[in-house]
Amino acid sequence: MATFFGEVLPVTSRAVDDDEDEEDQTFISCEPILHWSKRMKAELERSGGQKIPCTNLVVALGLEANAFTEIYVKQFSYEIVGGIFTSLQNDDPFTVSQTSPTDKTCYIYRCHSNPNIIVVQCNRDVPSDHTFDWAKLIYDHIDLSVAYIAVLTTNTSANFCSDVPSSDLDTPFLRALKSEKFLGTPICKILEQPNMLTGLAAQLMTFFQVHQCKAVIYICYKENKYVDISDVKCFLPILNVTPIKDITEPNKNAEQMLKDIIELHSNHDTLYM
């Protein structure tokens with residue numbers, strides 16, 4: 001299906017219906033589903049609404065974006081308020097902490113000190129035939145009418161079309177795309193044609209464009225196949241110009257947290273070398 005921001009390239013779904021604190025989950029077949037925590041369900045019932053309020057939304061797609069969000073955005077206490085589940089098999093790792101190198105979960109977090117800040121961390125590849133339903137779940141259940149939306153994702157420099165040979169590109173580097181409603185200036189170049197987004201990233205930005213949301217996506221183009229410290233830090237300039245965090249001080253444990261994440265995934269990757 002052709003999209004405004006790119007091409008959403010063309011199997012069974014699995015969904016959870018257990019308490020959010022349980023790490024061993026049982027799945028049933030269905031289309032992608034958004035499952036709220038008991039606390040969030042109660043809040044929605046009291047308010048009589050179907051959407052949770054939001055002024056700042058961060059959607060992290062992929063390992064590097066999730067590591068960046070975990071370390072530099074979610075510095076203070078966040079709570080899991082829901083999750084989106086699609087195409088999970090019974091033997092897929094499913095951890096509340098999302099620390100497994102093979103984790104395929106997607107959780108929705110809310111900031112304790114500012115409940116209007118919502119973070120969506122997706123640790124899986126969403127099948128192309130589920131991307132529209134996935135984006136619709138976000139739009140239908142989170143109030144994005146006044147929200148600033150930042151989508152973070154990665155791609156390999158080999159997929160970047162340029163007059164400069166991929167071997168000569170100074171990686172990692174950022175590129176951006178924004179919706180018409182987003183009036184700000186991204187901190188990096190706009191993605192040059194004929195480059196385009198694909199998959200869930202393209203579907204999300206198309207959805208935000210069509211529904212006139214203020215959204216910008218930042219794509220980190222990297223050289224390495226595996227996660228690297230520089231790839232995670234590539235997103236750092238975003239913090240200086242975007243209201244996606246509720247903090248006044250830098251994370252003092254950022255470097256150690258980053259090293260721990262890199263080591264965790266490096267140990268996993270070397271098992272298959």
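These questions and answers cover a helix pair and some backbone features of a predicted model. Local features need pLDDT of at least 70, side-chain atom pairs count only at pLDDT 80 or more, and totals for chains, interfaces and linings use all residues. Residues are numbered from 1 along each chain as its sequence is written, and side-chain values use heavy atoms, with hydrogens and water left out.

Student: Are the axes of H3 and H4 parallel, antiparallel, perpendicular or oblique to each other?
Tutor: Helices are DSSP runs (H or I, at least four residues), numbered from the N terminus. The axes, lines fitted to C-alpha atoms over the stretch in contact, with angles from 0 to 180 degrees between N-to-C directions, come within 9 Å and cross at roughly 45 degrees for H3 (residues 131–141) and H4 (residues 199–210). Angles under 35 degrees count as roughly parallel, over 145 as roughly antiparallel, 65 to 115 as roughly perpendicular and the rest as oblique. H3 and H4 are therefore oblique.

Student: Which residues of H4 make the contact with H3?
Tutor: Contact means heavy atoms within 4.5 Å. H3 contributes Thr131, Phe132, Trp134, Ala135, Lys136 and Tyr139. From H4 come Gly199, Leu200, Gln203, Leu204 and Phe207.

Student: Is Gln212 buried or exposed?
Tutor: Gln212 lies in the loop between H4 and strand E12 (214–222), and its phi is positive, near 55 degrees. Buried means under 20% relative accessible area, exposed over 50%, partly exposed in between (1.4 Å probe, protein chains only). At 58%, Gln212 is therefore exposed.

Key: Helices (H or I, at least four residues) and strands (E, at least two) are DSSP runs, numbered from the N terminus.
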